[in-house]
Amino acid sequence: MNKYPDDDRRLQKLAAGQGQEWKSLYDEMRSPFRLFFIKYGAMPPEAALELYQEAMVVLYRNVVNGKLQPPLASTLKTYLFGIGKILLKKKDNTTGDWGDDIPELPVAPEVESQQEQKAKAELVRRLLDKVGEACRQVLELAFLKGYVMEAIAEELGLPSAGAARKRKHDCLKKLRELL
Amino acid sequence: MPAEFYDIAQIERYLTRGMDGEERSGFEALLKKDDNTRREVEAYRQLFEGFHALRSENFRQEMKSWETEWEQANTDDTELIEWYLTGELTGEARTRIENRMEEEEQFAREVAAYRQLHEGFTAARSEDFRQQVSSWEKEQAAVRRRLWPRLAAAAAILLLVGFGFRWYVQANFSTEAIVATYYQPPLEGATMGEGPLEQEAAGRSFAAANRLFQKGDYPGAYLAFDALLNQLPDVSIDNLTRSYYREQSEWNRLLSALAMDPPPFNIQEEARRIAAEDGHEFQSQAKRLLRKLQSPFYRLAN
C-alpha cells in the first residue's frame, strides 16, 4: 500500500528526468532545508546551501538510477533531509541536534564521496571524446538525458526504436573497447 | 573477449536494475564461474557508473543555473533575517546572526529595517484584527436590526394566525356557538296552541320553555322541556302534534343541557339516540352535532 501517493507520483516524474520537475523540487525544498540545517545542524547559511546542493545530487542519482523507487517509505522531503544528515555526519562526524523532525530513514540513501564521483565521470567524459560524434550523440541521449529508445530514434532520425537500441549497444561496445 | 560472445543487453539489465528473480540469480551464478563475463561486467560497470556520475555532474551544472536565479533574487539574507525576527533561529544559529550584525553594519541596518517592517506588519495585523472584530460586532448589530422588523412581522402574523384560529374555533366549536347555531325557534303559528285545552296547555309550556332558552336561561329551559316531554305521552293530542312537540323539545332539551355546566345527562348519548331515530326531525342535525362534539376543536374551544 502506498503511504505517500503524491510523493510516489512525483518520484515517477523525477525518475523520467523531467528538468522542470527537478527545478520545482529544488526551489520548493531550498528554504526549508536551509532553515533546518542552520537551525539544527548549527551550520553557517553558505554551508547549509552547499549541503543542500550535495543532497540534491545524491537524491538525483538515487532516483535516476532506480535505487529509490515507489512506494516510498518516507516522503521525498524526509528522504532529502535524511541525505543531508548523513552527508553532514560524514563530513563533520557530528551527531547534530535534530529533534524529532527527521526520523531515521528506513532505507539509508547511498552516499558516495564527491571525489569518487568526479573520477568516474571524468573516465566516461574522456571515452566519449574518443568514440566519435554519432556514438557520442546516442550515448548521451540514452545515458545522460535519459531518453527512451523511441525518442532517440526520433531525435536522430533512425527508422525505429529497435534501430536506436542496436546503435546504442554498438556504441556501448565501442566505449568498452576503448577502456 | 569478442562482443559476439556475450549479451550486452543482458549486462546492461543486470547493472541498471532491470534484472531480477531467477534471471538475476542465474546471471550471478554465471559470474561466479566465468571470469571473462565477470571481467566484462566490471568493465561495463565502470561505464555505467561513469555515465551516472556524469549525469549527476550535468545535474549539478543545471542546479548552478537555478542557483543563479536565487542569487539574482537576493533573498537569502532576507529569509535569514525573517527567521531571526520570527524566532525560528535559536542557540548557535541566533548567535551567528547577532555576531554578523556586530561585524557588518549594512547587515545590521537590514535587520533593523526588517524589524521595523516586521513590527509594522504585526501591528497592522493586530489592527486589522481589531477592525475585523469591530466589523463583526457591527455586522451582528446590523443583522439584529435587520431582523427586528422581520421578526416583528413574523410575530404579528403568528398572532394574527393564532387569533384567527382561536376565533374560528370559538365561533364554530364553542358550546355557546353550537347552541346558537343548532337552536331552532318554534315556527310562528306552528305552536299548535290552538285547539283542545290540553293541546293549548302543551303549546304554552313549549312556548315558555323556548322563551327561557332564548333568554339564555338554559337550566330553566332544560327543566321546562324535560317536564313537557314527561307530560306529552299522557296529553290528549293528535300524534302529529305530539311528535312535533316531542322532537322539538328533545332537541332543545339537548341543546339546553349542552349549554349547562355540567350537563345534566350524557349529551353524546342523547345526540346518538336522536341521530339513530329515523324520521326524527332533528336526525341530520344530531349527526352533525355529534361530529362537532367529537372534533378536537370542540375540546380546544371548551
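Chain B has 13 helices and zero strands. Keep in mind that this is a predicted model.

**Fold and overall shape of chain B**
- Following the sequence of chain B, you will read the pattern α-α-α-α-α-α-α-α-α-α-α-α-α.
- The radius of gyration of chain B is 56 Å, whereas a compact globule of 302 residues would have one near 19 Å.
- Along its principal axes, chain B has C-alpha atoms that fill a box of roughly 155 × 70 × 30 Å.

**Inside and surface of chain B**
- Of the 302 residues in chain B, 36% are buried.
- Take the contacts in chain B between residues at least 6 apart in sequence: 59% of them join residues at least 24 apart.
- Chain B has an accessible surface of about 18400 Å², and carbon and sulfur atoms account for 53% of that surface.

**A closer look at A:Pro70**
- A:Pro70 counts as partly exposed because its relative accessibility is 33%, and partly exposed covers the range between under 20% (buried) and over 50% (exposed).
- Setting aside neighbours within four places in sequence, A:Pro70 has contacts with A:Asp8, A:Leu11 and A:Gln12.
- A:Arg9 is 61 residues from A:Pro70 in sequence, while their C-alpha atoms are 8.2 Å apart in space.

Terms used
Residues are numbered from 1 along each chain as its sequence is written. Chains are lettered from A and ligands numbered from 1 in the order in which they are written. This is a predicted model: local features need pLDDT of at least 70, side-chain atom pairs count only at pLDDT 80 or more; totals for chains, interfaces and linings use all residues. Side-chain values use heavy atoms; hydrogens and water are left out. Buried means under 20% relative accessible area, exposed over 50%, partly exposed in between (1.4 Å probe, protein chains only). Contact means heavy atoms within 4.5 Å. Helices (H or I, at least four residues) and strands (E, at least two) are DSSP runs, numbered from the N terminus. The radius of gyration is taken over C-alpha atoms; the globule rule is 2.2 Å times the number of residues to the power 0.38. Accessible areas come from the Shrake-Rupley method with a 1.4 Å probe; for residues, only the protein chains shown count as cover.
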